[in-house]
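Here is a protein model to go through by question and answer.

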Amino acid sequence: MAKVLVVTSGKGGVGKTTSTAALGAALAQSGQKVVVVDFDVGLRNLDLVMGAERRVVFDLINVVQGVAKLSQALIRDKRLENLWLLPASQTRDKDALTDQGVGVIIADLRARFDWVLCDSPAGIERGATLAMRYADEAVIVTNPEVSSVRDSDRIIGMLDSKTVKAEQGERVVKHILITRYDQARAARGEMLNIDDILEILATPLLGIVPESQDVLRASNVGCPVTLNNAASAPARAYHEAARRLMGETIPMTIPSERVGLMNRLLGRRAA
Amino acid sequence: MDQPAEATRQLVRLRGRSYVAYVFCPAVPIAGWLDDIDRTLNGSPGFFVGRPVVLDLAAVDLSPQAIAHLVANLEQRQIRVLGIEGVDAARLTTSLPPLLTGGRDCVLKPSELEKPPEKPEVRPQPASLLLENPVRSGQSIIFTEGDVTVLGSVGSGAEIVAGGSIHIYGTLRGRAMAGVNGNSSARIYCQKIEAELLAIDGYYQTADELDAGLRSRPAQAWLEGKTMRITPLN
């Protein structure tokens, strides 16, 4: 039974694309057949983060308009054979997407994959609403700051009203993924803490991804962080989140950078 | 020769049929009673059209002129009187409906009392709205007919507009506007107050004016004249 999962947030720059790539790769590493779909028409990024930008021939809009077949537009990942990418068009805008066209593509993808991960654009307009339109589940990416949390609240309201599931009287299963979390700053009260965020959003937590240089490093080399450095703190957080998506129950932890034994023994130089 | 003709002549065939008639029992003063009839007709015009109506004058003592006047008044209202009961035959002139006797009381079935279709029975609108889920940022709940009850929280950037009072069993982080139809006795109750704005009957307070000591506590807001009072609950 294929699952369509939208990665969304409302606010820009919180880590939707990074999280889509990382979760997609983590699911694919667990043996699932995964496609990541970029809905950010006009401002596509997922191809860069996946390192597939030099292999894009056809895109989502070509398929929606019937110019290309779905199989021509899908790009297979070079590192994981059961991970695929459906890129967005950079030369068009979101008006090129139609509700019906997206519906046909999502139905087609459902038949071919175990997981369809839709990378939503920021905002609450056409691109974002169509990305969530056919979703069964949603990952709401939130940073520990008030503006991001309020935007997430808005998006949750839309997931409960604008999706096909909601219109049929069912519910989209929602998960909160907190990214760019800095435990030291949260402890100093410079960030919203986890409990406050969950209290405001009243939605279950999928994972906490710590702020890390590894995320930036992985994006720059065009590799999902879960593939680039699987031992890094954010990669472990994404792997755990992916396992929770597959239904496993894992105690919630905030992975932190591992400190080497020598560093721990010889961490501070005496004066 | 005459025989066959005699045979074909038949008696007038009489058939019996019974109808349930409405019985009007006028009371003095007749003018006041006619006003009552008018009120009924205002509510459902044409209610008596095509229905048999009998006047029972046993309770009143009317002269022949007064009876004629009453029947004429009813005819002006499109009510044709089929017969008259409970009056001395001598008081009825030939231009009046005939005297009837031997009527039996019966219960009017609902189908006989059916209201005309132009006035369907109006069910009282529910005077409260219950929301079981949190009200999310950007959502606007407008219910001017009465109270709004929210079991979850009201997010920052969400708003509730109610004609009556507002009850929030979660945290109020958005805006709450109660008594919008000029109901100054409406109140706002919440389990935890972090509101952006509170308003009752047009008088409002923003988060800035909220007493810091109240924040994150159960509170209620109401109007005292033209000032809004916000006090902790329990």
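Q: What volume does the largest pocket have?
A: This is a predicted model, in which local features need pLDDT of at least 70, side-chain atom pairs count only at pLDDT 80 or more, and totals for chains, interfaces and linings use all residues. Residues are numbered from 1 along each chain as written, chains are lettered from A and ligands numbered from 1 in written order, and side-chain values use heavy atoms, without hydrogens and water. A pocket is an open set of points on a 1 Å grid over the protein atoms alone, with protein on both sides within 12 Å along at least five of seven lines. With points joined across faces, edges and corners, and volume taken as the space filled by probe spheres set on them, the largest pocket has about 600 Å³.

Q: Which residues that line the largest pocket are the closest to its centre?
A: Lining residues have an atom within 4 Å of a point. There are 18 of them here, and the closest to the centre are Y19(B), A21(B), V23(B), G103(B) and R104(B).

Q: How do the residues of the lining of the second largest pocket divide by class?
A: This pocket holds about 460 Å³. Its lining has 22 residues, with G13(A), V14(A), G15(A), T18(A) and R180(A) the closest to its centre. Ala, Val, Leu, Ile, Met, Phe, Trp, Tyr, Cys and Pro count as nonpolar, Asp, Glu, Lys and Arg as charged, and the others, Gly among them, as polar. The division is 7 nonpolar, 9 polar and 6 charged.

Q: Which strand gives the most to the lining of the largest cavity?
A: In a cavity a 1.4 Å probe fits but cannot get out. The largest has a volume of about 40 Å³, and its lining includes I75(A), R76(A), L83(A), W84(A) and L85(A). Strands are DSSP runs (E, at least two residues), numbered from the N terminus. With 3 residues, the top contributor is strand 4 of chain A.

Conventions: Helices (H or I, at least four residues) and strands (E, at least two) are DSSP runs, numbered from the N terminus.
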